[in-house]
Amino acid sequence: PGLSRKRSSRVSLGGAQRPLTEPEQQELAALATKTAVGGVTALMLASRLPTLFDAMFAVSALLQVKAVPTAETESGCTALSMAAEMGHVEVGKTLLQAGAQVDAPLRDGKTPLMLSCKNGHCKMTELLLKDGAEPTEQEHTGEQEGFTPIMHAALFGKVECVEAVIRHCEAHLQATFGSAAPPPSAAPQGK
């Protein structure tokens, strides 16, 4: 007889879940601490699952068994950068609450905010800005400074993300300088 292993752990489309058994928890905990080639972790892969429901379920389960939200690949990718690229806002919230670094850059200097802006994920962009992402950070490409988040959004035609970054910066200026802050239209014009 061939070896077959039935898995009784299924999540219904209605969202009903059952607790994991002790052996399942041990297996998941072992998976949460392993890394694949290049430093990829199960948490990173879970963060980029195609559907938000699947991603949230997997990320939550992995974090419960102590997956490390700050782990990064050889290229600097993190679970948060992958969630930002996919636009999974709830996954992003969960990872940030678990200790993910909001501005952790990839080796080329791209931050989760840049990835979110580039891919047009306005709600993710707003979440990252609210959590302290730096809107003026530039990616580092060799000896030259690269694009900012707003430049990524503009380059790829993601107008809603451009507007979200501008709104955030305007609110920050108002909070910092009050009525003394110059309106955007009063900014000096280039020659």
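Predicted model: local features only at pLDDT ≥ 70, side-chain atom pairs only at ≥ 80, totals over all residues.
Reader: At what angle do α7 and α9 pack, and how far apart are their axes?
Author: The angle is about 20 degrees and the axes are 9 Å apart (lines fitted to C-alpha atoms over the stretch in contact, with N-to-C angles from 0 to 180 degrees). α7 and α9 are therefore roughly parallel to each other (angles under 35 degrees).

Reader: Which residues make the contact?
Author: α7 brings C122, T125, E126 and L129, and α9 brings E160, C161, A164, V165, R167 and H168. Contact means heavy atoms within 4.5 Å. By class, five of the residues joining α7 with α9 are nonpolar, two are polar and three are charged (Ala, Val, Leu, Ile, Met, Phe, Trp, Tyr, Cys and Pro are nonpolar, Asp, Glu, Lys and Arg charged, and the others, Gly among them, polar).

Reader: And α5 against α7: what angle, what distance between axes?
Author: α5 and α7 pack at about 20 degrees, and their axes lie 9 Å apart. That makes α5 roughly parallel to α7. Their crossing is right-handed.

Reader: Which residues of α5 meet α7?
Author: V89, G92, K93 and L96 of α5 meet K123, M124, L127 and L128 of α7. The residues in the contact of α5 with α7 are five nonpolar, one polar and two charged.

Reader: Which residues of α5 are buried, and what covers them?
Author: V89, V91, G92, T94, L95 and L96 are buried in α5 (under 20% relative accessible area with a 1.4 Å probe, protein chains only; exposed is over 50%, partly exposed in between). The cover includes α2, α3 (52-64), α4 and α7. Just after α5, G99 has a positive phi of about 110 degrees.

Reader: On to α4. How many of its residues are buried?
Author: Six of the eight residues in α4 (residues 79-86) are buried, so the helix is mostly covered. The buried ones are A79, L80, S81, M82, A83 and A84. Their cover includes α2 (42-47), α5 (89-97), α6 (112-118) and α7 (122-130).

Reader: What comes just after α4?
Author: G87 does, with a positive phi of about 80 degrees.

Reader: What is S81 in contact with?
Author: Leaving aside neighbours within four places in sequence, S81 is in contact with L106, P112 and L115. S81 counts as buried because its relative accessibility is 1%. The C-alpha atoms of S81 and D103 are separated by 9.0 Å, and the two residues are 22 apart along the chain.

Reader: Now the whole protein. How many helices and strands?
Author: There are nine helices and two strands (DSSP runs numbered from the N terminus: H or I of at least four residues for helices, E of at least two for strands). From the N terminus, the order is α-α-α-α-α-α-α-β-β-α-α.

Reader: What share of the 191 residues is buried?
Author: Buried residues make up 36% of them. As for contacts with a separation of 6 or more, 63% are between residues 24 or more positions apart.

Key. Residues numbered from 1 in each chain as written. Heavy atoms only, no water. Parallel < 35°, antiparallel > 145°, perpendicular 65-115°, else oblique. Left-handed = near helix turned anticlockwise from the far one by under 90°.
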